[in-house]
Amino acid sequence: MARDIQERIKKLIIDQRLPSGASLPTEPELMERLGVSRNSVREALKALQAMGIVEIRHGFGTYVGPMSMAPMIEGLTFRTVAGHYRGEDSLLQLLELREAVETGLIARLAGRIPAADLAELDALVDRMDAEAAANDGRAGRPGAVQTETDRAFHATLYRCLRNPLLGEVLEAFWDAFHKVRTDLVDVPQDPKVTCRQHREILDAVRSGDVLRAERAIREHFGNIRTRLSAPAPTGNSNRLYDR
């Protein structure tokens, strides 16, 4: 019954072509339309809110939600953490999922990225070089490529595909992977290698050489896979969920 009510509310949103932020019928209206009790409506709305399908604003009403990838990210994160502490290679599995998606897409980009996006990618790789060259303040140790710079590179790389859903999925994989990786393993980084690999990906897609682009993206993910062989620190199994 609860699932049926959820499906009927979702059908209402679809049938009425309601966009994110649109107001939904009030609880009494939903009760009358669906022929169910107030508690049943409230439970269904709470479940849909957890999925990002609706947003309950207490004192104001219920609205169509942002329909974001946040529930997917949380699910991926929790599954990966739980698997890690069961002795599974769950972080590696998540990396391989990202690699499969990006490797499958890179051929579509070769020779097709607009000049403006290429200029932005050049600037991001230059920023990586600057971050790698910077001193992090610890007696001559090199700087590191910042996570947000790396993230911006990958987001910009696939932007010209003009597929918002694809962009959201890639962002979800990125968020889950880096949230878990940061808390589970101290992955060593050679910033010069990171810069070189991103420069090679950019040069390959700019040249229009599909095979070269695929090799470059595989080398990049292969490097991350090797770095993940670092042992996980102990005693921090609750860090992700104690915040």
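This is a predicted model: local features need pLDDT of at least 70, side-chain atom pairs count only at pLDDT 80 or more; totals for chains, interfaces and linings use all residues.

Visitor: What makes up the protein, in terms of helices and strands?

Guide: There are ten helices and two strands in the protein. Read from the N terminus, the order of the elements is α-α-α-β-β-α-α-α-α-α-α-α. Of the 243 residues, 42% are buried. Among contacts with a separation of 6 or more, 70% are between residues 24 or more positions apart.

Visitor: Why is helix 5 called roughly antiparallel to helix 10?

Guide: Helix 5, residues 90-109, packs against helix 10, residues 210-227, at an angle of about 170°. Angles over 145 degrees count as roughly antiparallel, and therefore helix 5 is roughly antiparallel to helix 10. Their axes lie 9 Å apart, and the crossing of the two helices is right-handed.

Visitor: Which residues of helix 5 and helix 10 meet?

Guide: From helix 5, the residues are Leu92, Leu95, Glu96, Arg98, Glu99, Glu102, Thr103, Ile106 and Ala107. From helix 10, they are Val210, Ala213, Glu214, Ile217, Arg218, Phe221, Ile224 and Arg225. By class, this contact of helix 5 with helix 10 comprises nine nonpolar, one polar and seven charged residues.

Visitor: How do you know whether Arg98 is buried or exposed?

Guide: Arg98, a residue of helix 5, has a relative accessible area of 2%. The term buried applies under 20%, so Arg98 is buried. Apart from neighbours within four places in sequence, Arg98 is in contact with His154, Phe173, Trp174, Phe177, His178 and Phe221. Phe221 belongs to helix 10 and is among the residues that meet helix 5.

Visitor: What makes Gln197 count as buried?

Guide: Gln197 is located in helix 9, residues 191-207. The relative accessibility of Gln197 is 3%, and the cut-off for buried is under 20%, so Gln197 counts as buried. Its contacts, leaving out neighbours within four places in sequence, are with Glu219, His220 and Asn223.

Visitor: Why is the pairing of Gln197 with Asn223 called a polar contact?

Guide: The side chains of Gln197 and Asn223 are joined at 3.5 Å. A polar contact requires a pair of N or O atoms within 3.5 Å, one able to donate a hydrogen and the other to accept it, and therefore the pairing of Gln197 and Asn223 is given that name.

Visitor: What makes helix 1 roughly perpendicular to helix 2?

Guide: Helix 1, residues 2-15, and helix 2, residues 27-34, pack at an angle of about 105°, with 12 Å between their axes. Angles from 65 to 115 degrees count as roughly perpendicular, so helix 1 is roughly perpendicular to helix 2. Ile5, Arg8, Ile9 and Leu12 in helix 1 meet Leu30, Arg33 and Leu34 in helix 2. This contact of helix 1 with helix 2 has five nonpolar, no polar and two charged residues.

Key. Residues are numbered from 1 along each chain as its sequence is written. Side-chain values use heavy atoms; hydrogens and water are left out. Axes are lines fitted to C-alpha atoms, for helices over the stretch in contact, and angles run from 0 to 180 degrees between N-to-C directions. Helices (H or I, at least four residues) and strands (E, at least two) are DSSP runs, numbered from the N terminus. Angles under 35 degrees count as roughly parallel, over 145 as roughly antiparallel, 65 to 115 as roughly perpendicular and the rest as oblique. A crossing is left-handed if the near helix is turned anticlockwise from the far one by less than a right angle, and right-handed if clockwise. Contact means heavy atoms within 4.5 Å. Ala, Val, Leu, Ile, Met, Phe, Trp, Tyr, Cys and Pro count as nonpolar, Asp, Glu, Lys and Arg as charged, and the others, Gly among them, as polar. Buried means under 20% relative accessible area, exposed over 50%, partly exposed in between (1.4 Å probe, protein chains only).
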